[in-house]
Amino acid sequence: MSLNEIFNWLLSYANGMTISFMLAVGVFIDALLGSSWRKANGVRRNSRGFFNGFLKNISLALIPATFWLANILFYYLPPDPTHPQFHYNPVMFDFISIGTGVYIGDWLLHSILANWKLSGRTISPLIEKWIQEEYDSKIDQHNLTKVNKIGDEDKNE
């Protein structure tokens, strides 16, 4: 396969709807892991913060699909005779969808991995350094004293 064929294949499957679906799956995984560590640490799972966070994540996951729908809308709108300098470029919307999907996916991956670590599962030290800020934020947000921050050593052992 040539580089051009690979690029065309990626663009045919990397539309906003596909990216939003993958992000939505990530949101559900994040919610399951978040629920798991909340249960293990005695934090309420039916709290307002949990549901607000879930709704915020789902909203963010749907942003690439919004660009995809805008792409369809612009495709079917008649050309504007008053602005002939505007040239519709469908690839532009694909690039915007991919860019926002990668940005939101990176943020969501941080949350998934931090919830993975908080739920008591092991994680690589390299990944621990990468998710340090998100991990510490989740601990501080819920005032968890049972769980040590990454890099902290338990003085009682």
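Guide: The protein chain has seven helices and zero strands; helices (H or I, at least four residues) and strands (E, at least two) are DSSP runs, numbered from the N terminus. This is a predicted model, in which local features need pLDDT of at least 70 and side-chain atom pairs count only at pLDDT 80 or more, while totals for chains, interfaces and linings use all residues. Residues are numbered from 1 along each chain as its sequence is written, and side-chain values use heavy atoms, with hydrogens and water left out.

Visitor: What share of the 157 residues in the protein chain is buried?

Guide: Buried means under 20% relative accessible area, exposed over 50%, and partly exposed in between (1.4 Å probe, protein chains only). Here buried residues make up 32% of the chain.

Visitor: Which residues make up the largest nonpolar core?

Guide: In soluble globular proteins, nonpolar side chains tend to be buried together. A nonpolar core is a set of buried Ala, Val, Leu, Ile, Met, Phe, Trp, Tyr and Cys residues joined through side-chain atoms within 4.5 Å. The largest one has nine residues: Trp37, Val43, Leu113, Ala114, Leu118, Ile123, Ile131, Tyr135 and Ile139. Two or more residues come from each of α5 (90–118) and α7 (132–142), and α5 gives the largest share, three residues. A second, separate core has eight residues, among them Val27, Ala61, Leu108 and Ile112.

Visitor: Which residues does Ile104 touch, beyond those up to four places away in sequence?

Guide: Contact means heavy atoms within 4.5 Å. Ile104, in helix α5, touches Leu23, Leu60 and Ile63. Ile104 and Leu23 are 81 residues apart in sequence, yet their C-alpha atoms are 7.9 Å apart in space. Ile104 counts as buried because its relative accessible area is 9%.

Visitor: Is Asn57 buried or exposed?

Guide: Asn57, in helix α3 (residues 48–61), is buried, with 10% relative accessibility.

Visitor: Which residues form a nonpolar patch on the surface?

Guide: Like charges are joined within 9 Å, and nonpolar side chains (Val, Leu, Ile, Met, Phe, Trp, Tyr) within 5 Å. Met1, Ile6, Trp9, Leu10 and Tyr13 form the patch, with about 590 Å² of accessible area together, computed by the Shrake-Rupley method with a 1.4 Å probe, where for residues only the protein chains shown count as cover. Leu10, in helix α1 (residues 3–13), is partly exposed at 43%.

Notes:
Patches are made of residues with over 30% relative accessible area and no salt bridge: like charges are joined within 9 Å, nonpolar side chains (Val, Leu, Ile, Met, Phe, Trp, Tyr) within 5 Å. A salt bridge is a side-chain nitrogen of Lys or Arg within 4 Å of a carboxyl oxygen of Asp or Glu.
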